[in-house]
Amino acid sequence: MSKRNKFDIELPQSIIDSFARHLVSEIRAYYDSEEGQAAFEEWLKQREDTEDA
């Protein structure tokens, strides 16, 4: 008997591509929002602080 993970599934490339297109549009919408812009600015600040250390 195989010890295959019960969540080990293979998806057709078309489904993966479709999901990726959906995610990209959602990510763009988030970063276009005020909340997303503030989160991005905070991330930049944290990154800058880490690089200075």
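A: Helices α1 (13-32) and α2 (34-52) each supply at least two residues of the nonpolar patch; helices here are DSSP runs of H or I with at least four residues, numbered from the N terminus. This is a predicted model, in which local features need pLDDT of at least 70, side-chain atom pairs count only at pLDDT 80 or more, and totals for chains, interfaces and linings use all residues. Residues are numbered from 1 along each chain as its sequence is written, and side-chain values use heavy atoms, with hydrogens and water left out.

The patch covers about 750 Å² and is made by F19, L23, I27, Y30, Y31, F40, W43 and L44. Its largest share, five residues, comes from α1. Patch residues have over 30% relative accessible area and no salt bridge, and nonpolar side chains are joined within 5 Å. A salt bridge would be a side-chain nitrogen of Lys or Arg within 4 Å of a carboxyl oxygen of Asp or Glu. Areas come from the Shrake-Rupley method with a 1.4 Å probe.

Aromatic rings pair if their centres lie within 6.5 Å, with planes under 30 degrees apart counted as stacked, over 60 as edge-to-face and the rest as tilted. By this rule there are three aromatic pairs. The rings of Y30 and Y31 have centres 5.0 Å apart and planes at 80°, so they are edge-to-face. Those of F40 and W43 are stacked, because their planes lie at 25°, with centres 5.8 Å apart. F40 and W43 are three residues apart in helix α2, about one helical turn. Ring pairs link Y30, Y31, F40 and W43 into a cluster.

How values were computed
Patch = residues over 30% accessible without salt bridge, like charges linked within 9 Å, V, L, I, M, F, W, Y side chains within 5 Å. Phe/Tyr/Trp six-rings, centres within 6.5 Å; stacked < 30°, edge-to-face > 60°.
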